[in-house]
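Open the model in your viewer and keep the selection tool ready. The tour goes from one selection to the next.

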Amino acid sequence: MSTDTTASVSTHILDTSIGRPAEGVAIRLAARAGRAADWQALGGSATDADGRCKDLPALPVGTTHVRLDFAVEQYFESHSEEQQADAQQDAPANRDSGAFFPEVAITFAVRPGEHYHVPLLLNPFGYSVYRGS
C-alpha cells in the first residue's frame, strides 16, 4: 500500500489467447532511486488463480523507477495443451518454447503516494501493458 513517502505496485495477467487469467507466472520486482541508480532486487511472487499478484514487496522510500519481470516462457510451456495459437497464427509449428517472448520486462516511473496497477495482456506472440486502476 502506498504512503506519502512511497508508491505501491500491483499487477495481473490475462492470457488473451484463451481468455483466462494466467495462473502461476513468476514475477520479480526491482526498483531504483533515479535514472542513474542501480536496480535493487526487492523479491517477487507469482500470479494466483485470478491472474493477480497481490503480495509484491513494498517499494523503498525514494523509489523513482520500478521494473516488473514476468517469466512467461515457463507459463506457456506448462499450458501448451490449452494453447491453440500455432493453428491460429502464421507461425512455425515447432518452436523451442511456447512463447516468442520468453520474458516480459516492464519499466515505469513512479511518484510517492501513488498506487500503480500494471495489467499485462499476454499471448504467445505478443503482449500489451497499461496503467490500470
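Which residue lies over the face of Trp39? Select Trp39 and look for Arg67, which lies over the ring face at 4.6 Å from the ring centre. A charge sits over a ring if NZ of Lys or CZ of Arg is within 6 Å of the ring centre and within 35 degrees of the ring normal.

This is a predicted model, where local features need pLDDT of at least 70 and side-chain atom pairs count only at pLDDT 80 or more, while totals for chains, interfaces and linings use all residues. Residues are numbered from 1 along each chain as its sequence is written, and side-chain values use heavy atoms, with hydrogens and water left out.

Next, select Phe100 and Phe101. Rings of Phe, Tyr and Trp (its six-membered ring) pair if their centres lie within 6.5 Å; planes under 30 degrees apart count as stacked, over 60 as edge-to-face and the rest as tilted. By this rule there are four aromatic pairs. The ring centres of Phe100 and Phe101 are 4.9 Å apart and the planes stand at 80°, so this pair is edge-to-face.

Now select Phe108 and Tyr116. Their ring centres are 6.2 Å apart with planes at 40°, so the pair is tilted. Phe108 is buried at 14% relative accessible area, and Tyr116 is buried at 6% (buried means under 20% relative accessible area, exposed over 50%, partly exposed in between, with a 1.4 Å probe and protein chains only).
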